[in-house]
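I wanted to look up a few local features here and keep short notes on each. The entries follow the order in which I checked them.

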Amino acid sequence: MNDRIKKEKERWKNKMVDSAVKRHLERKELFTTVSGKPIKDLYTPADIPEIDYLKKLSFPGMYPFTRGIKATMYRGRLWTMRQFSGFATAEESNRRYRLLLERGQTGLSVAFDLPTLMGYDSDHLLAIGEVGKCGVAVDSLQDMETLFDGIPLGKVTTSMTINAPAAILLAMYIAVAEKQGVKPDHIGGTVQNDILKEYIAQKEWIFPPLPSMRIITDMFAYCSKEIPRWNTISISGYHIREAGATAVQELAFTLADGIAYAQAGIDAGLEIDEFAPRLSFFFNSHNDLFEEVAKFRAARRIWAKVMKERFKAKKERSWWLRFHTQTAGCSLTAQQIENNIVRVTIQALAGILGGTQSLHTNSKDEALAVPAEEAATTALRTQQILAYESGVVNTIDPLGGSYFVEKLTDEMEEEAWGYINKIDEMGGMIAAIERGFPQKEIMEAAYRYQQAIEKKEKIIVGVNEFLMEEEEQPPFLMIDSEVERAKQIKKLQALRSKRNNSKVKECLKRLRLAARGKENLMPFILESVKAYAFLGEIVDVLREEFGEYQEPSVF
Amino acid sequence: MSPSKGKIRVLIAKPGLDGHDRGAKIIARAFRDAGMEVIYTGLRQTPEQIVTAAIQEDVDVIGISILSGAHLYIFPRIIELLKEKGATDMLVIGGGIIPEIDIPKLKQMGVAEIFTPGTLTSNAIEFVKEKLQGK
């Protein structure tokens, strides 16, 4: 059958295509994806000759989960519409969260400001100019209480984009839930907690790799017992892609990070099935629809295999690659910003066709500022239109069986394995990071992409083609960091004089001793948080004990 | 005499707490490929560190990459420090997520140009070469 197709295709090429090309050349010599991957003119059954349906694709909810992790997928339950948001003070962000929930958002996602991400309190010298800018400022449990005021933590799930200080923010969340009368085993959500991609791409690290991994495995152990519904990590390709990686690099480096975390858990004495079901993933979705869909499908298939064969996980839940998707911030243009709504729609569609469990759609103004309310609403509405009007949710994995998508899925998988094996040979992801391997690969890809734009090999509408005189930019959400900083400092000072300072000191002392030893840090962090120790105070203790990471910086 | 005499010397700096360095690294490399001498500070530099490095390295251009929104604090501080040290001849340029409305304010302070997302590196290179003509 395939031989006949191949032969017929040859005939088609000679007879039809060649004469067409003679009359009129194809528009380009080489057609490539956003990531620069060459694409053929046509795919046929001959491109996927070895496809064994039951082995490679199987059914939704069945190994290797190529077609989705749930048997009914969106027919059973839609993805969680989870818009990442946070700015200024806890009071302001709380108002935005309530608004988003009121408008039909189904989960929360907290953006913290840079001082919080880096473990500095708002009154730190390095926080000047940054307080409340890119996210909400949280210095203590008190801010966290305000942030979730009136939001029932037993009903809403919350994702928190926090990495180096993730344990502290999670402890604060647990404490707020307790105050609301919600038991720890009733709360659900995610902390990003993925430090490896910080070293690779986003660069918001504090401690060196080894103590960072210890904090993470402490959290795996603690959460599996105390907050079993919590996703202890969101292994993220998003930032890797934003830093300029190709789709395959995003896929490969993310899964290689996942392997490193799984191995770290095992090395810390945990059973794989104890913590693997709570590992979750977070991918980027760029403009090239089919490439993205293939990436998501390949990711599920690779991870299932890694878990089952490499780590010998027995539980089916351990084999699942559950993931959140965010549309590609780096694809948004500062020019003709209305066009970004269209880009976001295509990217969101790719996430849905790829079987995502939750989705954030970017706002059109994000190449310029933090989303204004109206732009954030349109972004949410985009998801709702895809969910309720487009019909793409009616059947599972609608692109499955497309010769092109299956071939692309196979190729992505194969190329990703190439990277994963190479990283294994280097001694794993931490060793690879120390050699600067993923960083260099990403940098090269980013530079190639930029050059392709400059040479117009890649067209970006409104940037290097179809330019026009622009009207004035719409009003953005402007945050005056000095005003926010002053508010935060006032709160800090008031709390400092109100709290039991000797108790704080005592808690921090115990934390320090635990950091020096081998005990699980989580209970000590929780105790400190409940005593209203500041984020910066807790991080300082750990910084003193663990040291700070120094980047080997190359360009 | 330095072997690089005649080459434009550029310091690319990442101030503030933000770690998004894709833009900084791309522009650093593009300037280098355009024949300039480029020094990259690495992440999380204070304005003081940036100005000290610029003077030590005797650069012609300081390129600041900032995406966090802290530009209205960072730029004036750098310009002020340059004035204090008598190094006002250095060309200060910037790039990143900076709303249009802030650009006139920054230029008034003495920033030569702000390159927003979507800028081609060739435009930035041209701008620098033109400004430093005769140097």
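I started with the contacts of F466(A) in this predicted model. Leaving aside residues up to four places away in sequence, F466(A) touches Q336(A), I459(A) and V461(A). Q336(A) lies 130 residues from F466(A) along the chain, and I get 10.0 Å between their C-alpha atoms. I placed F466(A) in the loop between α18 (437–454) and α19 (481–498) of chain A. Is F466(A) buried or exposed? Its relative accessible area is 54%, and exposed means over 50%, so F466(A) counts as exposed.

Next I took helix α6 of chain A, residues 166–179. At 1.5 Å a residue its 14 residues should span 20 Å, and I find the end C-alpha atoms 20 Å apart, which agrees. I then asked how many residues of α6(A) are buried. The count is 12 of the 14, so α6(A) is largely enclosed by the rest of the structure. The buried residues run from A166(A) to A177(A), including L169(A), M172(A), Y173(A) and V176(A). After α6(A) comes G181(A), and I noted its positive phi, near 85 degrees.

I moved on to the packing of helix α7 (residues 195–202) and helix α8 (residues 209–226), both of chain A. Antiparallel would need an angle over 145 degrees, so I list α7(A) and α8(A) as oblique to each other. On the α7(A) side the contact uses I195(A), L196(A) and Y199(A). These meet P209(A), S212(A), M213(A) and I216(A) in α8(A). Sorted by class, the contact has 6 nonpolar residues, 1 polar and no charged ones.

Last, I checked helix α20 of chain A, residues 501–516. Its 16 residues should span 22 Å at 1.5 Å a residue; the end C-alpha atoms are 23 Å apart, which agrees. I listed its buried residues as V504(A), C507(A), L508(A), L511(A), A514(A) and A515(A). They cover an arc of only 115 degrees around the axis, which puts them on the same side of α20(A). What covers these buried residues? I found α8, α21 (522–530) and α22 (535–546) of chain A among the covering elements. On the face of α20(A) turned away from the buried side I noted the exposed residues S502(A), K505(A), K509(A), L513(A) and R516(A).

Terms used: Residues numbered from 1 in each chain as written. Chains lettered and ligands numbered in written order. Predicted model: local features only at pLDDT ≥ 70, side-chain atom pairs only at ≥ 80, totals over all residues. Heavy atoms only, no water. Axes fitted to C-alpha atoms, helices over the stretch in contact; angles between N-to-C directions. Helix = DSSP H or I, 4+ residues; strand = E, 2+ residues; numbered from the N terminus. Parallel < 35°, antiparallel > 145°, perpendicular 65-115°, else oblique. Contact = heavy atoms within 4.5 Å. Nonpolar A, V, L, I, M, F, W, Y, C, P; charged D, E, K, R; others polar. Expected span 1.5 Å × (residues − 1). Buried < 20%, exposed > 50% of the residue type's maximum accessible area, 1.4 Å probe, protein only. Arc of directions from axis to C-beta.
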